[in-house]
Amino acid sequence: VQPNNYSTFYDDQRQNWSIMFESEKAAMDFSKQVCIAKCNSSSVLESVLYQDLLLGEGQGVEGGDSLEIAYTGWLFQNNGLGQVFDSNVNKDKLLRLKLGSGKVIKGWEEGMMGMKKGGRRYLIIPPAWAYGAQGVAGRVPPDSTLVFEVEVRRVKLVKESSGSDGQSVSSRDSPAPSPVPNSDGFSAD
């Protein structure tokens with residue numbers, strides 16, 4: 001995924017290709033299908049597959065950073081997207097999580113590392129990295145592979161200190177000025 005609706009990839013002959021799409025949506029849809037094709041071409045999915053849909057801006061997140069995210073989760077069925085089992089996209093509340101805290105499935109902890117504010121990523125998570133053999137009663141059958149589209153809306157980096165003006169300053173941020181933080185310490189959208 002590249003800025004301005006470009007995608008680049010290598011073919012099996014190691015030849016580099018670039019494609020420009022008519023819209024951001026078309027580029028994202030293509031990227032999602034690439035991730036699904038990667039999943040379907042592997043005999044056994046043993047780790048999280050991810051595909052960036054939008055790169056975002058700023059510093060990539062690491063363990064200990066706090067995020068607010070919007071997400072949708074699907075069951076992976078018949079080699080593609082099955083039914084939605086969870087989403088907060090049309091809700092007022094974003095999901096808050098601290099990477100590395102163990103409060104979310106292992107596949108999210110792994111698959112979200114390096115994401116940036118405003119970034120969107122497609123994750124395909126095997127059962128061992130999700131809910132495993134137990135599943136989630138009434139929502140996720142046992143041994144289900146899951147697909148998530150996640151978008152990082154807000155980030156609070158772990159390595160923050162207070163600047164002389166009292167505003168939060170991150171040692172890992174780019175030199176570009178950051179928006180004034182709101183009262184909960186997260187950067188404004």
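Y71, F85, W108 and F148 form one aromatic cluster. The structure is a predicted model, in which local features need pLDDT of at least 70 and side-chain atom pairs count only at pLDDT 80 or more, while totals for chains, interfaces and linings use all residues. Residues are numbered from 1 along each chain as its sequence is written, and side-chain values use heavy atoms, with hydrogens and water left out.

Six aromatic pairs are present in the structure. Rings of Phe, Tyr and Trp (its six-membered ring) pair if their centres lie within 6.5 Å; planes under 30 degrees apart count as stacked, over 60 as edge-to-face and the rest as tilted. The ring centres of F21 and F30 are 5.1 Å apart and their planes are at 40 degrees, so this pair is tilted. F21 counts as buried because its relative accessibility is 14%, and F30 counts as partly exposed at 28%. Buried means under 20% relative accessible area, exposed over 50%, and partly exposed in between (1.4 Å probe, protein chains only).

Charges also sit over rings. This requires NZ of Lys or CZ of Arg within 6 Å of the ring centre and within 35 degrees of the ring normal.

| Charged residue | Ring | Distance to ring centre |
|---|---|---|
| R14 | Y10 | 4.5 Å |
| K106 | W129 | 4.4 Å |

R139 is in the loop between β7 (120-125) and β8 (146-156); strands are DSSP runs (E, at least two residues), numbered from the N terminus. With 41% relative accessibility, R139 is partly exposed. Leaving aside residues up to four places away in sequence, R139 touches L75, F85 and D86, where contact means heavy atoms within 4.5 Å.

Conventions: Helix = DSSP H or I, 4+ residues; strand = E, 2+ residues; numbered from the N terminus.
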